[in-house]
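Here is a model to question.

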Amino acid sequence: YLQDIAVTTEEKDQYAYFSTPRSALERAQSIIKGAIYERYNQEIPYVIEQENRVFAPMVGGGIIIREMLKVKKESTLKTVVGKYGRAIQMVTQRAQEKISREFGV
């Protein structure tokens with residue numbers, strides 16, 4: 001994902017586009033947020049706060065990523081976790097698959 005910045009050129013009055021690549025951490029967080037949006041509906045994804053705790057390469061390849069997901073209401077927490085933790089496990093698995101493809105690990 002690239003953030004586009006439009007700049008007007010004075011001579012031709014056209015737009016020139018410049019792309020700013022995102023860091024690996026930003027890309028990983030975006031993938032995790034996407035997995036949250038895929039799993040939960042309505043307002044749930046919008047009330048989940050996401051905070052990175054660890055983003056580090058592993059010896060021998062791979063990446064360690066630890067994200068903290070925060071919600072304000074106990075009822076929202078129960079929905080996010082799901083029965084026996086299945087809902088959040090589905091989010092974790094989907095995010096891991098996408099991150100593996102994105103980073104080739």
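This is a predicted model: local features need pLDDT of at least 70, side-chain atom pairs count only at pLDDT 80 or more; totals for chains, interfaces and linings use all residues.

Q: Why is the contact of Lys-70 with Glu-51 called a salt bridge?
A: The closest N and O atoms of Lys-70 and Glu-51 are 2.7 Å apart. The cut-off is 4 Å between a Lys or Arg side-chain nitrogen and an Asp or Glu carboxyl oxygen. The pair is therefore a salt bridge.

Q: Where do Lys-70 and Glu-51 lie in the chain?
A: Lys-70 is in strand β4 (residues 63–70) and Glu-51 in strand β3 (residues 49–57). They are 19 residues apart, so the pair links distant parts of the chain.

Q: Is Glu-51 buried, partly exposed or exposed?
A: Partly exposed: its relative accessibility is 29%, and buried would need under 20%.

Q: How do you know that Glu-102 and Arg-27 form a salt bridge?
A: Their closest N and O atoms are 2.9 Å apart, and the cut-off is within 4 Å.

Q: Why does the pair of Glu-102 and Arg-27 tie together separate parts?
A: Glu-102 lies in helix α4 (residues 86–103) and Arg-27 in helix α1 (residues 24–39), so the pair joins parts 75 residues apart in sequence.

Q: What makes Arg-27 partly exposed?
A: Its relative accessible area is 23%. Buried means under 20%, so Arg-27 is partly exposed.

Q: Which residues are linked in a network of salt bridges?
A: Glu-38, Arg-94, Glu-97 and Lys-98.

Key
Residues are numbered from 1 along each chain as its sequence is written. Side-chain values use heavy atoms; hydrogens and water are left out. Helices (H or I, at least four residues) and strands (E, at least two) are DSSP runs, numbered from the N terminus. Buried means under 20% relative accessible area, exposed over 50%, partly exposed in between (1.4 Å probe, protein chains only).
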